[in-house]
Amino acid sequence: MSKELVVKDNSLIEANYNLTKMQQKLLIKAISLIEPESKQQIYKFSISDFASQVDLKKSKTIYSQMHAICDQLTNAKSFKIERENGNVAFINWVASAEYIPKEAVVEIEFSQKLMPFLFDLKKKFTKYYIANVMSLNSSYSMRMFEILKQYEGMGKRIIDLEDLRRMVGTTVENQDGTITRDYEMYGHFKSRVILPAQKELKAKTDIYFEFKEIRKGHSVCQIEFTILPNTKNIRKIHSLPSYDQLTIDIVAMQQEFEKKTGVAIKYDVLEKLVQEKGIDKVKKYIDNWHKFKHQTINNVLGFFIVAVTNDFDIPTKQNASYSNFEQRHYTEEELQHLYNNFVEK
């Protein structure tokens, strides 16, 4: 299982379109699930995982947002790609986008015409870890990251200002041939697009950039970007686990916990424990649950939370007597209170 790599044809990265940051993130999430040489068009993922990646885990509106974003994606305008053979293609992002509330998942079906730009790519493509973009707060920052990531190996990129406006989506060519422009004055474009992206990429991604304005007379006509490795973020981003593999592992632990204890535990509770204490430690307490059987534990969930968060010793033949057993410090009411506090915090 990959660590959720996003792979796109470079012509898709440079295409002219204007999507919101959440629309882009939903698409990027689906793209990250594509396996090499796959021809699958439909991808399903947990809203809980998506919310974790975009830092909306505690949002009370994330599920209603999914309904709206799916609707927006299916109604999004097609975008234009000029092919190497001279053909001009107008392509829809998705054939369908379905929010399934009973399963708490989203299902994305890519359009047939989009598939060649995402699947089995052999040349002229860009690859990056999904963690680079999911925490970015601006759609412009997301586009700037991809545009510059494409040239990371070269370390430099000179882009005509009008091309840059088109690529980040502040200049959009409509299907009727008319042009919509935002931040037409360069000073506004610089302050609303380039400078915020420069700050955000340096804070959150594995690259950052410096830039120089190239002028023709008094007007800026090109931007020269210097693309640099962001060493303070590289290790953090490249070592993040795959959210999909993490989901599989947590679901497996969820099933094992119920099998061992006879009590169901919520996915979100296990996920929170994993985030705080690490997957190995949580799994250790589930695997060794039978070693606590010398004691009657009425509040299984409360005791489990306290044991993991307080690093209880696993009972052995030497320490398993009641007098050495730390559960004695907690009444059933206290365990319930500690469990509720953990779930709600």
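Which strands does helix 6 (residues 139-149) lie across, and at about what angle does it run to strand 11? In this predicted model, helix 6 lies across strand 8, strand 11 and strand 12, and its direction makes about 85° with strand 11.

- Three strands form an open sheet in the order 8-12-11, with antiparallel pairing, and neighbouring strands are turned by 25° against each other on average when direction is ignored.
- Strand 8 (156-160) and strand 11 (207-216) each have a single partner strand and stand at the edges, so one side of each is left without a neighbour in the sheet.
- Five bridges join strand 8 to strand 12 (residues 219-229) in the antiparallel sense, and R157 stands opposite F225 in strand 12.

**Helix 7 and helix 8**
- Helix 7 (residues 161-168) packs against helix 8 (residues 186-204) at an angle of about 45°, with the axes 12 Å apart, which makes helix 7 oblique to helix 8; the crossing is left-handed.
- L161, L164, R165 and V168 of helix 7 meet Y186, F189, V193 and I194 of helix 8 in this contact, whose residues comprise seven nonpolar, no polar and one charged.

**Helix 11 and helix 14**
- Helix 11 (residues 267-277) and helix 14 (residues 332-344) pack with their axes 10 Å apart and at an angle of about 80°, so that helix 11 is roughly perpendicular to helix 14.
- On the helix 11 side the contact involves V269, K272, L273 and E276, while helix 14 contributes Y339, F342, V343 and E344; five of the contact residues are nonpolar, none is polar and three are charged.

Conventions
Residues numbered from 1 in each chain as written. Predicted model: local features only at pLDDT ≥ 70, side-chain atom pairs only at ≥ 80, totals over all residues. Heavy atoms only, no water. Axes fitted to C-alpha atoms, helices over the stretch in contact; angles between N-to-C directions. Helix = DSSP H or I, 4+ residues; strand = E, 2+ residues; numbered from the N terminus. Parallel < 35°, antiparallel > 145°, perpendicular 65-115°, else oblique. Contact = heavy atoms within 4.5 Å. Nonpolar A, V, L, I, M, F, W, Y, C, P; charged D, E, K, R; others polar. Left-handed = near helix turned anticlockwise from the far one by under 90°. Pairing = 2+ DSSP bridges.
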